[in-house]
Amino acid sequence: MNICIVAGARPNFIKVAPIIRAIMRAQNEGKNISYQLVYAGSKSDPTLEPSLFSDLQMPAPDVYLGVDCVNLNELTGRVMGEFERYLQEHHTDVVIVVDDLASTMAAAIVTKKQGIRLAHLVAGTRSFDIKMPKEINRLVIDGLSDLLFTAGMGSNSIVSREGAELSQVYMVGNILMDTLRFNHSRLVRPAVVDELGLEEGKYIVFTLNRKALIADRENLSRMLHAAIKAAAGVPIVAPLRGNARQTVDDILGDLTALNPQHSPLHIVAPLNYLEFGWLTAHAQGIITDSGNVAEEATFNGVPCITLNSYTEHIETVKTGSNVLVGEDAEQLAAAVADMVGGRWKKCALPDRWDGRSAERIVQILIDTNR
């Protein structure tokens, strides 16, 4: 069986790495299975730091489609063209696509047009906001998929209500946990911890990526100042890149310029995967707009505030350490005050966050290929 795994952006590799290791184990056991890893972007993608693949203990992509553009419709069309060419030149039995990007949807459409089986990793996630481009991507990908690999029962219910046959849906658990468990003993204490004089368990990590949140600079300013005030002197460390870094720097420029060594918020260079993992695992709390970071916080039992009114993985809120505050400065301030005051809810690991998701996925692929 020849498997093609498609990654559309940097976070996808974190979920793909365990599948590749599971495929390699199956090969060593004599199973007739092989794979190729295809990346929609280019080798020069600045988000793919040189250490990424060694940190994840995985090989670099076999094929780069080389698509690099901002407009989502243009990106979709170009990925479709390049991926169609790939499938015509490589015999493929099943294509695995990850998450909900425009490139993911493009690969899914081409796969089905070529009459090839399609598997969707992290299926059934919904915001129920059809105005979000990613929500459209999710609906299309899940609607086309032959195999839907979900992270929890909530996602199972969603795809079932939307018409998926029970025989197509497999609750494999959260594959991000496979990577976290595999790398837990390999995490690296970043130099910035000592440079800033941080104490373990006595700092907050702040991450920011969502374009809509960055674009509303006035509200972001209110939220940042509210968080800093509520933190009551607990240092906030922000590994930011690109537009997020520039925007936060502009908003807090006056504060940091007065006394950079005693700034309430420290903007630092982006960290590699193992360093960022250490930083979040040893934090007092996390403020983020990233679903992946919130999931990692639940795994580590670290209090987490998500700057959104919804999450695609509701188990991080119902069972885990995550709290949603939307884009509301007052709610954020109240949650940060609880975080630094040690008043956080009890949390636990959700069902099947056991690090064996990739093993289940590969076995399902083998079983359903017979």
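Which residues of strand 11 (residues 285-288) point one way, which point the other way, and are they buried or exposed? In this predicted model, G285 and I287 point one way from strand 11, whereas I286 and T288 point the other way, and all of them are buried.

Strand 8 (residues 204-206) runs parallel to strand 11 and is joined to strand 11 by three bridges, with I204 standing opposite G285. Strand 12 (residues 304-306) also pairs with strand 11 in the parallel sense, again over three bridges, and here C304 of strand 12 is the bridge partner of I286. Helix 14 (residues 291-300) belongs to this part of the fold as well, for strand 11, helix 14 and strand 12 together make a β-α-β unit that is right-handed.

Elsewhere in the model there is an open sheet of seven strands, paired in parallel and arranged in the order 3-2-1-4-5-6-7. Its edges are formed by strand 3 (63-64) and strand 7 (169-171), each of which pairs on one side only. Within this sheet, strand 5 (residues 117-123) and strand 6 (residues 147-150) pair in the parallel sense over four bridges, and A123 stands opposite T150 of strand 6.

Two helices that pack on this sheet can be described next. Helix 4 (residues 102-113) touches strand 1 (2-7), strand 4 (94-98) and strand 5, and the direction of helix 4 makes about 160° with that of strand 4. Helix 6 (residues 153-161) packs on the sheet too, touching strand 5, strand 6 and strand 7, and the direction of helix 6 makes about 170° with that of strand 7.

Where they meet, helix 1 contributes I14, K15, P18 and R21, while helix 7 contributes L176, D178, T179 and F182. Sorted by class, this contact of helix 1 with helix 7 has four nonpolar residues, one polar residue and three charged residues.

Terms used
Residues are numbered from 1 along each chain as its sequence is written. This is a predicted model: local features need pLDDT of at least 70, side-chain atom pairs count only at pLDDT 80 or more; totals for chains, interfaces and linings use all residues. Side-chain values use heavy atoms; hydrogens and water are left out. Buried means under 20% relative accessible area, exposed over 50%, partly exposed in between (1.4 Å probe, protein chains only). Two strands pair if DSSP finds at least two bridges between them. A crossover is right-handed if, with the strands pointing away from the viewer, the path from the first strand over the helix to the second runs clockwise. Contact means heavy atoms within 4.5 Å. Ala, Val, Leu, Ile, Met, Phe, Trp, Tyr, Cys and Pro count as nonpolar, Asp, Glu, Lys and Arg as charged, and the others, Gly among them, as polar. Axes are lines fitted to C-alpha atoms, for helices over the stretch in contact, and angles run from 0 to 180 degrees between N-to-C directions.
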